[in-house]
Amino acid sequence: MPELYAYTDGACSGNPGPGGWGVLMLAKDGETVIKQRTLNGGEAHTTNNRMELLAAISALEALSRPSTLIIVTDSAYVKNGVTTWIHGWKRNGWKTADRKPVKNADLWQRLDGAQARHKVEWRWIKGHAGHAENERADELAREGMAPFKTRPAG
């Protein structure tokens with residue numbers, strides 16, 4: 001049975017500003033890639049954290065049936081949020097420990113729902129550190145952002 005990986009990344013030009021997200025999905029048998037799929041998109045006015053979240057959400061929502069997968073992100077915000085912080089936020093009615101509304105609660109709730117039907121292992125890796133799959137996810141995020149960046153007149 002192949003292992004399923006989703007390498008996710010978000011990008012923003014300015015924060016907030018135009019942004020994009022990218023996902024490289026790989027089905028692997030050992031080190032051999034059996035199947036590959038890419039996803040990306042973007043928004044005209046967003047933040048880097050929102051794009052990181054949308055990448056993970058999009059990977060999960062792209063799966064047509066309940067799956068076991070490993071999501072690899074370079075966002076400590078996403079990894080820590082979904083594996084640790086979210087439990088307290090849900091208990092506190094989507095408020096932080098100091099009773100402030102959780103930032104990006106709409107996307108955290110969507111991510112929580114999207115992962116509920118899957119068995120997900122979350123892994124963090126350092127971004128821009130030569131991981132080929134993470135670099136590809138970054139390229140996809142930048143491609144997703146491109147249509148929303150304003151071009152200088154010329």
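**View 1. Buried residues of helix H3 in the predicted model.** In H3, the residues Ala 105, Leu 107, Trp 108, Leu 111, Asp 112, Ala 114 and Gln 115 are buried, that is, under 20% relative accessible area with a 1.4 Å probe and protein chains only. The cover over these buried residues includes helix H1 (48–61), helix H2 (76–91) and strand E5 (119–124), where contact means heavy atoms within 4.5 Å. Helices (H or I, at least four residues) and strands (E, at least two) are DSSP runs, numbered from the N terminus. This is a predicted model, in which local features need pLDDT of at least 70 and side-chain atom pairs count only at pLDDT 80 or more, while totals for chains, interfaces and linings use all residues. Residues are numbered from 1 along each chain as its sequence is written, and side-chain values use heavy atoms, with hydrogens and water left out.

View 2. Five strands form an open sheet in the order E3-E2-E1-E4-E5, with mixed pairing, two strands being paired if DSSP finds at least two bridges between them. Strand E3 (32–46) and E5 each have a single partner strand and stand at the edges, so one side of each is left without a neighbour in the sheet.

**View 3. Strand E1 and its partners.** Nine of the 10 residues of E1 are buried, so this strand is largely enclosed by the rest of the structure. E1 and E2 run antiparallel and are joined by 10 bridges, with Cys 12 standing opposite Gly 19 in E2. E1 also pairs with E4 in the parallel sense over five bridges, and the bridge partner of Tyr 7 in E4 is Val 72.

Terms used. Buried means under 20% relative accessible area, exposed over 50%, partly exposed in between (1.4 Å probe, protein chains only).
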